[in-house]
Amino acid sequence: MKFQVKIKRIDWIDQDTKEAEVFFRVGNSDYWAFSSPFNFAEGSISNIEIDFLESEDVSFESFFSDNRDKEMKIVPFGDNRTSYHCYGRIINVNPIIVDCGDMQFEHGEFTHDEKVIGEYVYFVISRLEILSI
């Protein structure tokens, strides 16, 4: 998904290969994400695309049942600052798009059944990634 964000901080992993962890603001919230190749400047307003590596620890059943409170939020997870618990609502199929409040995530095409639109879901991002566009 595409967003306009403010780049707040850059922590280099490897300047030669242009890999960094980037602290950015989208909406009213701040997030960390991995970026490679890196093409941002601190303080800049940047157009980005969001991608992520999903944790395989959440089962298909948990995806549909572990958001009992019908929340739409993104919460840091564990020691890795680019990992998040995501609670959201399916707003589209073909592809599946999950609205988690500050961000919407494309979640593949595991169903074409429009009955899932409006369902509240839960998943874990093991690494949030941003790319400049």
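## D11 and its salt-bridge partners

The side chain of D11 reaches the side chain of R9 in a polar contact of 2.9 Å. This is a predicted model, and eight salt bridges are found in the structure. Let's start with D11 and then visit two other pairs.

**D11 in its setting**
- D11 is part of strand 1, which spans residues 2-14.
- Leaving aside residues up to four places away in sequence, D11 touches A20, E21, W32 and R81.
- Is D11 buried or exposed? D11 counts as buried because its relative accessibility is 19%, and the cut-off for buried is under 20%.

- R81 and D11 form a salt bridge, with 2.5 Å between the closest N and O atoms.
- This pair joins distant parts of the chain, 70 residues apart: D11 sits in strand 1, while R81 sits in the loop between strand 5 (73-76) and strand 6 (84-92).
- R81 has a relative accessibility of 31%, so R81 counts as partly exposed.
- Salt bridges link R9, D11, E21 and R81 in a network.

**Two other pairs**
- D30 and R25 meet through their side chains in a salt bridge, at 3.0 Å from N to O.
- Both partners count as partly exposed, because relative accessibility is 28% for D30 and 30% for R25.
- E71 and K73 also meet in a side-chain salt bridge, at 2.9 Å from N to O.
- E71 is partly exposed at 25% relative accessibility, and K73 is partly exposed with a relative accessible area of 33%.

How values were computed: Residues are numbered from 1 along each chain as its sequence is written. This is a predicted model: local features need pLDDT of at least 70, side-chain atom pairs count only at pLDDT 80 or more; totals for chains, interfaces and linings use all residues. Side-chain values use heavy atoms; hydrogens and water are left out. Helices (H or I, at least four residues) and strands (E, at least two) are DSSP runs, numbered from the N terminus. Buried means under 20% relative accessible area, exposed over 50%, partly exposed in between (1.4 Å probe, protein chains only). A polar contact is a pair of N or O atoms within 3.5 Å; within protein, one must be able to donate a hydrogen and the other to accept it, and residues adjacent in sequence count only if both atoms are side-chain atoms. Contact means heavy atoms within 4.5 Å. A salt bridge is a side-chain nitrogen of Lys or Arg within 4 Å of a carboxyl oxygen of Asp or Glu.
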